Structures are given as C-alpha cells and as structure tokens.
Amino acid sequence: MIEININKNIENIILIGNMARAKNIFLELKSIGIDSIKMDFDRFININWQKKNIEKYHIIICHDKFSECIEYLDLISHENKDLLNICFSQFEFYSMLSQKLIINTQTKPDNIDPKNTILLTLPFGLVLGGIETWTANLYNKLKNEDLSLKIIDIKYSHPKFHYVGSEFFGISEQDIYHLNAKNGFFKNIMYILSLLSELSPKCIIENGSMEVLAALHIYKRYYNVNVIHIIHTDSEFMYAQCKWYTKIIDSFLCVSNDIYNQMSIRMNNRLKNCFVYIQYPDNPKYITKEQINEKIYIAYAARLERTIKRSYLLIELIEKLELIGMNYQLFIAGEGECLEEIKNFVNGKELFDKVIICGLLTYQKMRKFWQNKHVFINFSTKEGMSLSLLEAMSQGVVPIVTNTSGVSDVIIDHQNGFIRNNVSEMADVIYKLTKTPEYYNRMSREAYKTIQKGCIKNDGKI
C-alpha cells in the first residue's frame, strides 16, 4: 500500500468544538506524525493572544456539520477578530493538510500510463440518496456504451445514511471498491492512492468525497488524470469545497442552473470550466391517468428525514386533505427517521386505505411507482436538482413543490406544475385540480413534454 508523510510538520494545533469529534481528529493527526496538538474547549478565547505569536497557531473547529463550524467561527469573530485568521473548520484544515502530504518514496509506484477506466466516487457509500441515484444513473448509461467503469464506495456508519448496497441500484459488485470511514481519514487516503496507481484512470467523476479529493491533491502532483467535480447541492459546504480543491479540479459540473449561477458569483475565475448537466430520465413515456375527479393519487418519494426533506409535513398535509373531505390516496416511498411518526399517525387515525406506505423501493421499481400517480409533492428546503421531480414529470405526474435549486429549470408555475412553499397552499392546489380535470390533463402533458425536450437537448451529452 502507498504510504504518505507530511513534508513539513505543523505545530501549535488547538482543537475546539465537539469533544468526541476533536478526539477522533487528534488520533488522526497523530497517525501521520503530527504531535503538537492541544485540546482546549472553553478557555482558548480568554487566552491573551499576542499578535506577534498568533500566526504560529492553527485553531481547528471540530464538528460533524459544516454549518456548526460556521456558527462557531461567528462566535469567535465576536470575541476576537484576530483569531479568525488562524481558525479553520476541520474540513478546510484537512484540505490544507493534504497539500503538505507527500508519497513515501519507498512506496511510490513507477510512472503510470493512463488507462481508459472512468472512476466514480460515492462520498457516503451506496446509501439511499440523490447523489447515489445520480451516480447509478450515470453508471448504467456509460455501461451501456461499453466503457470501463469502477466505483469507490466509502461506507459511513451514521443513522442518517441508509446503506442499500449495489444490487439496489443495479450496479455490478465487481465494479466496486469498498472502503470504510472507520479506517480513518488518512488511512483511506493511502488506500485510495494505491487504488489510483493500480487503476490509472483517465477520468475521475468526483461527487464530493473529502478523502478522494485529498488523495487527488497528492496524486496529481505525480500523475495526470482528468477530474470532474459534480456540485450536487446548493450549499455553502459544496461551494467551499470547490474553492479548497480548485487546483486539482479540471471541470465543475453543476446539476442545475441555480448552482451554476452561484458558481459564477463565487468562482468567476473558473467559470469557463463550469458546465450545467441536468440528468433527465431516459426514454420518458407519457402514461394516461385515471380521471382525477374520481380520486386523486398523490406521490411522495424521498429519504424520510426532518431537517432538509421535512417529511413530517406529510402529517399536516393529510390532516388538511381530510378536513377538506378529499377523495385521495397518498403513496409514500422511502425510509428514514420520520417513518415511525407517520406510521403511528396513520394507524391512530385509521387511514390505512388512504395512506399507503410503500417502504424502500429499489432503483428499478421506482419507475413503476409513478405510473398511476397524478401529482408529486416535495417539502424540501434544499436540493441540487431533485431526481424524483424529474422522474415524476417524465411520466406526466404534475409537481407541487417548494422553491429549491433546480425547480425553475423545469417548472413554470401554473403551466406544468406548481411552486408552493407551505402545506395549506399545496392542499388548495390538489383540491383545485380535482375540480378541473381538463386543466390537470393539460398540465400533465406539459410536464411530460418538458422532460422530453430536456432529453432531446441532452442526447449524447455528459
């Protein structure tokens, strides 16, 4: 296995923030020979920093979430603005550190000629999520073109991530290299470097894996490889990641025009290397629906989580539909932390015939899921480009969704869908559609045509 060393030791590191996370980072840094580390959680702000010494220190904010690191930095700026120059989130620090790491000359392989392999990466492994579905779609598309493909799957043990594996996505197990986040950040960098030297890929399609990006900081000093970085989410962390690793990224692929517009503001100097690719479903097929005035079939498909997806709002929607006296069936596809709460509500209200909990549906079964549905709902506060939205519209399912990134690329309000930011308005739209079936049928056709046009525009592109 390729080994790495630090070419210039970093001293006076102080870890603050989440204690459990700080201890993990402490052990990680020790594993590559960095010894000058202190853990100081409460007193560091009160230390009498002298300006002549301040540049000698590196204060690392340790939190699992980038947003929590930013909040901590805001707190520091109020206490002592001078400290901001030496404060870093753990993610940014690892990026800086990867630039100081070198391959141990005794384990460095000979010069490698690039092969025709394309390497895809999954930052959280083969879990249920948009990045994973996007990557599986791309894998299957490129596989049909007889290209050599491999996938790095970095598995995280976290309750947020539901690991579903390769079979769920229709990916050949022979094409996957499994790593485990429990191995540690720097050990996984060494595994990835060894894997890169073995595969010698001509192209890496990278989905935001910190380990892979850090490994590429080292690898690209010795070998050539084309790195395409996919920006999946309209989030501060994703844009920060682009800046940290800009030197080793050849092209940025934005999954929506909203994300491209943000990149034009934040990284205008790299705009010539930024492109938009909306992953429209292949072969959209319009399916004639049952008359909507008899009964309306509502679809919801997402990871059932509280924060971003806000799946708990399904309960409020059901209550409003019941209050109106609607004749409906709601089909819920997915699993997650809100599942039991929704089940308990349905059981308590005895709505078994009206609310159908489908559970986790495989990649292949999801296309059938949309066939007889009239409308698709989504309560998300943040997206990159919702693949469920595109899949639903490709079969003439009319979307009623919140205004997140990518929505304006495909929805024209009142023409092929509805953009609504609260549950009451969504319920009102559903009620209106049941009273105007001709209006619904026209919108359903327009939703389908939108995706059909997108597919024609995308033909042959990636």
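Which residue in strand 13 does phenylalanine 252 stand opposite? Phenylalanine 252 stands opposite cysteine 274.

This is a predicted model, in which local features need pLDDT of at least 70 and side-chain atom pairs count only at pLDDT 80 or more, while totals for chains, interfaces and linings use all residues. Residues are numbered from 1 along each chain as its sequence is written, and side-chain values use heavy atoms, with hydrogens and water left out.

**The chain as a whole**

The secondary structure comprises 17 helices and 19 strands; helices (H or I, at least four residues) and strands (E, at least two) are DSSP runs numbered from the N terminus. For 462 residues a compact globule would have a radius of gyration near 23 Å, and the 24 Å of the chain agrees with this. That radius is taken over C-alpha atoms, and the globule rule is 2.2 Å times the number of residues to the power 0.38. The C-alpha trace spans about 75 × 55 × 40 Å along its principal axes. Of the 462 residues, 55% count as buried, meaning under 20% relative accessible area (1.4 Å probe, protein chains only).

Two strands pair if DSSP finds at least two bridges between them. The pairings considered here are as follows.

| Strands | Sense | Bridges |
|---|---|---|
| Strand 11 (residues 226-231) and strand 12 | parallel | four |
| Strand 12 and strand 13 (residues 274-276) | parallel | three |
| Strand 4 (residues 58-62) and strand 5 | parallel | three |

In strand 12, phenylalanine 252 is the bridge partner of histidine 229. From strand 11 the chain crosses through helix 9 (residues 236-244) to strand 12 in a right-handed β-α-β crossover. It then passes from strand 12 through helix 10 (residues 257-266) to strand 13, and this β-α-β crossover is also right-handed. Right-handed means that, with the strands pointing away from the viewer, the path from the first strand over the helix to the second runs clockwise.

Four strands form an open sheet in the order 3-2-4-5, with parallel pairing. Strand 3 (37-39) and strand 5 (87-89) stand at the edges, each with a single partner strand, so one side of each lacks a neighbour in the sheet. Within this sheet, isoleucine 60 has phenylalanine 88 in strand 5 as its bridge partner.

Key. Buried means under 20% relative accessible area, exposed over 50%, partly exposed in between (1.4 Å probe, protein chains only).
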